[in-house]
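Here are my notes on the model, point by point. Have a look at the picture before reading on.

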Amino acid sequence: MAQIKKKKERKAPGISTSSLPDIIFILLFFFMVVTVLREMEIKVQNKLPQATELTKLQRKSLVSHIYIGKPKPKYADQLGTAPRLQLNDSFAKLEQIPNYVQTERNTVPAKIADQMTFALKVDQETEMGIVSDVKLKLRKSDALKINYAARKDIDN
Amino acid sequence: MLQKKSNRSRLTTEMSTGSMADIAFLLLIFFLVTTTIQVEKGILHQLPPWTEEEPPEAEKNDRNMFVVLINANDQLLVEGQQMKVDNLKEKSKRFIDNRGKRDDLSDSPDEAVISLQNDRGTSYDMYIQVQNELKAAYNEVRDEWAMQQYGRKMDNLPGPKQDSVKDEYPMKLSEAEPKQTAN
C-alpha cells in the first residue's frame, strides 16, 4: 500500500519573540492613556466613609467634585483645624458655590447640564453642619443631583 | 604632526533593537504602578428643589411617617426609641412593607415617608451610615418584590420593569433642616 511517510521535523520551532516589543508597546499605550495623573491637589483631609449601597457614577464629564474636610496639616497653621470647603484647586467659601455650579454647568452642553452630578467628597470626621450648608447652597443654585462619595465596605 | 587615524569602519551599524522590549517593559511597569483606575462610587441622592416658603407642616398621618433623628453624639432615635444603626434596616423594612397590617406602621409603600433629621454636630460618618441603611432597606424590599413578581432580583431586570419596581416602592426621604444644639 502506498504510505505517505511523514518527513516533518520533530523539533518544535521556538516561539518568535520579535513581536514582543510591539505587544508590550500596545500594553504601554493602553496604560498611558488610562492613567489619570491627578491634576489637582487635594488640600483637605479626605477619608471617605464606608457604605454598601453604592452606585457607580457613569459619565465622568458630568461629575463635579466638592471636597470638604479639615485642612491638611501643612495648611493647618494658616487655616486652623475647622473643616473647610475645597472647590477646584483652592479653599473656598460657601458663597462661591453658586458660581462654581454655574461654571461647571457651562463646561457641558446645555442640553445635559441638568444631569450634572455633584459628588460630595466629605471626610468621615466632618460634622454635618458644613455639609448641610453646602447642600442648602446647592439646592438654591438648582443643583439637585448629588452623590455622597463613599468607599466599599471591606468586610462585605 | 601626529594624526590619529580613525580605524572605525564606515559601515552604518544598525541600531540594536534587542533592548527595546526591556525599555518598553520598564515604562509599562512604571505606568502599571502609577495607574489608579478611579471608580467613583457613592450614594446617589436627589435634593428637593428650593422654595422660599416654609415647607408645609407634616399633615400626613403619623403612621406613614417614619421619624429618624440623629443627635450631636451620633445617637439614633427612631420613632421615639433609641436604637443602634444595625437594627435600623430591619425596622425600616417592616415600616415600608407593612401594607396596613399593623396600625402604627405605614398604610402602603407608596405613602410611606422617611423623615430624617440630624444635628449640625452629627458626624458625617454616622449620617452616611444611616443613609446607607435606609437605602439598603429599600433595596431589599424592592429585591424581594421583584423576586415575587418576576423571579429575578432588581438589578437583573430590564429597565421598564425596574421602573415598575421603583414605582411600587418609591423612596421618599424627607430631610429637615438640621437642628443647632447649643454646645
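1. Which strands of chain B does α2(B) lie across? The answer is β2, β3 (76-78), β4 and β5 of chain B, with α2(B) running at about 15° to β3(B). Angles here run from 0 to 180 degrees between N-to-C directions, and axes are lines fitted to C-alpha atoms, for helices over the stretch in contact. Helices (H or I, at least four residues) and strands (E, at least two) are DSSP runs, numbered from the N terminus.

2. Some housekeeping: this is a predicted model, where local features need pLDDT of at least 70, side-chain atom pairs count only at pLDDT 80 or more, and totals for chains, interfaces and linings use all residues. Residues are numbered from 1 along each chain as its sequence is written, while chains are lettered from A and ligands numbered from 1 in the order in which they are written.

3. Chain B overall. It has 4 helices and 6 strands, and the pattern along the sequence reads α-β-β-β-β-α-β-α-α-β. Of the 183 residues in chain B, 23% are buried (20 or more other C-beta atoms within 10 Å of the residue's own, with C-beta atoms placed from the backbone). Among chain B contacts with a separation of 6 or more, 65% come from residues 24 or more positions apart. Two residues are in contact if their C-beta atoms, placed from the backbone, lie within 7 Å.

4. The sheet. In chain B, 5 strands make an open sheet with mixed pairing, in the order β4-β3-β2-β5-β6. Pairing takes at least two DSSP bridges between two strands. At the edges sit β4 (81-83) and β6 (173-175) of chain B, each pairing on one side only. From one strand to the next, the twist averages 25°. Strands β2 (residues 65-70) and β5 (residues 113-117) of chain B run parallel and are joined by 5 bridges, and B:L69 stands opposite B:Q117 in β5(B).

5. The other helix on the sheet. α3(B) lies across β2, β3, β5 and β6 of chain B, at about 160° to β2(B).

6. How do α2(B) and α3(B) pack, by angle and axis distance? Helix α2 (residues 85-96) and helix α3 (residues 124-150) of chain B pack at about 40°, with their axes 9 Å apart. That makes α2(B) oblique to α3(B) (under 35 degrees would be roughly parallel, over 145 roughly antiparallel, 65 to 115 roughly perpendicular, and the rest is oblique). The crossing is right-handed, meaning that the near helix is turned clockwise from the far one by less than a right angle. Residues in the contact include B:L88 and B:I96 of α2(B), and B:V130 and B:L134 of α3(B). By class, the contact has 9 nonpolar, 2 polar and 4 charged residues. Nonpolar covers Ala, Val, Leu, Ile, Met, Phe, Trp, Tyr, Cys and Pro; charged covers Asp, Glu, Lys and Arg; the others, Gly among them, are polar.

7. The interface. 39 residues of chain B are in contact with 43 residues of chain A. On the chain B side, α1 (20-34), β1 (41-46) and α3 are the elements giving two or more residues, and that side divides into 20 nonpolar, 13 polar and 6 charged residues. Pairing crosses the chains too: 5 bridges join strand β7 (residues 145-149) of chain A to β1(B), running antiparallel. There, A:I146 has B:H45 as its bridge partner.

Methods:
A residue is buried if 20 or more other C-beta atoms lie within 10 Å of its own, exposed if 12 or fewer, and partly exposed in between; C-beta atoms are placed from the backbone.
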